Amino acid sequence: MAHIIDGRKWAAKSRQETAVDVARLAESGVRPGLCVIIVGENPASLSYVKGKEKAATEVGIASTLVRLDAGVSEADLLRVVREKNEDEACHGILVQLPLPSHIDPLRVIQAIDPR
């Protein structure tokens, strides 16, 4: 028999649990930070990124948005990723896909330091 899951209820519970975890980290002097990099003006991507920023803020995670022009070179995008890898306030990096056709998404994703 199928069981219907209340997605909104589950999401709210998950956000509450995350907020508690983030508060515990803050007590120890660490405020988690999400760094989002978006290239271009894809409306769906902008909407998705806005949602991620809102969700991060709701649970106490710092959110930094880096907006790059669609004509940015792959080398410049990779430089930004490397800078964020070294940024101690950045604990997670999200490079919003899709990227413009002149940029190799696999190369960019592989540049994100998993630590």
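Strand 1 is mostly covered: seven of its seven residues are buried. Buried means under 20% relative accessible area, exposed over 50%, and partly exposed in between, with a 1.4 Å probe and protein chains only. The model is predicted: local features need pLDDT of at least 70, side-chain atom pairs count only at pLDDT 80 or more, and totals for chains, interfaces and linings use all residues. Residues are numbered from 1 along each chain as its sequence is written, and side-chain values use heavy atoms, with hydrogens and water left out.

Strand 1 covers residues 33-39. Gly 33, Cys 35, Ile 37 and Val 39 point one way, Leu 34, Val 36 and Ile 38 the other way, and all are buried. Strand 1 runs parallel to strand 2, joined by seven bridges. Here Ile 37 stands opposite Val 66 of strand 2. Strand 1 also pairs with strand 3 in the parallel sense, over four bridges. In that pairing Cys 35 stands opposite Ile 93. Pairing requires that DSSP finds at least two bridges between two strands.

## Overall layout

The protein chain has four helices and three strands. From the N terminus on, the elements run α-β-α-β-α-β-α. Helices (H or I, at least four residues) and strands (E, at least two) are DSSP runs, numbered from the N terminus.

The C-alpha atoms fill a box of roughly 45 × 40 × 25 Å, taken along the principal axes. Of the 115 residues in the protein chain, 29% are buried. Among contacts with a separation of 6 or more, 75% are between residues 24 or more positions apart. Contact means heavy atoms within 4.5 Å.

Strand 3 spans residues 92-95, and its side chains alternate. Leaving aside neighbours within four places in sequence, Val 95 is in contact with Ile 37, Val 81, Val 108 and Ile 112.

The largest nonpolar core has 17 residues. Ile 37, Leu 68, Leu 77, Val 81, Val 95, Leu 99 and Val 108 touch the most other members. Strand 1, strand 2 (62-68), helix 3 and strand 3 each supply at least two residues of this core. Helix 3 gives the most, with four residues. Apart from this core lies another, of eight residues, among them Val 22, Leu 34, Ile 38 and Ala 56. A nonpolar core is a set of buried Ala, Val, Leu, Ile, Met, Phe, Trp, Tyr and Cys residues joined through side-chain atoms within 4.5 Å. In soluble globular proteins, nonpolar side chains tend to be buried together.

Gln 96 sits in the loop between strand 3 and helix 4 (105-111). Gln 96 counts as buried because its relative accessibility is 9%. Leaving aside neighbours within four places in sequence, Gln 96 is in contact with Ile 37, Ile 38, Ser 45, Tyr 48 and Val 49.

Pro 98 is found in this loop too, between strand 3 and helix 4. A cis peptide bond joins Leu 97 and Pro 98, with omega about 5°.

## The largest pocket

The largest pocket has a volume of about 170 Å³. Its lining consists of Lys 84, Asn 85, Cys 90, His 91, Gly 92, Ile 93, Ile 112, Asp 113 and Arg 115. Helix 3 (74-86) and strand 3 each supply at least two residues of this lining. By class, there are three nonpolar, three polar and three charged residues. Ala, Val, Leu, Ile, Met, Phe, Trp, Tyr, Cys and Pro count as nonpolar, Asp, Glu, Lys and Arg as charged, and the others, Gly among them, as polar.

A pocket is an open set of points, on a 1 Å grid over the protein atoms alone, where a 1.4 Å probe fits, with protein on both sides within 12 Å along at least five of seven lines; lining residues have an atom within 4 Å of a point. Grid points are joined across faces, edges and corners, and a volume is the space filled by probe spheres set on the points.

## Two helix positions

Ala 23 lies in helix 1 (residues 7-27). Ala 23 is partly exposed, with a relative accessible area of 40%. Ala 23 and Ile 61 are 38 residues apart in sequence and 9.3 Å apart in space, C-alpha to C-alpha.

Glu 83 belongs to helix 3. Glu 83 is partly exposed, at a relative accessible area of 45%. The C-alpha atoms of Glu 83 and Pro 100 are separated by 21 Å, with the two residues 17 apart along the chain.
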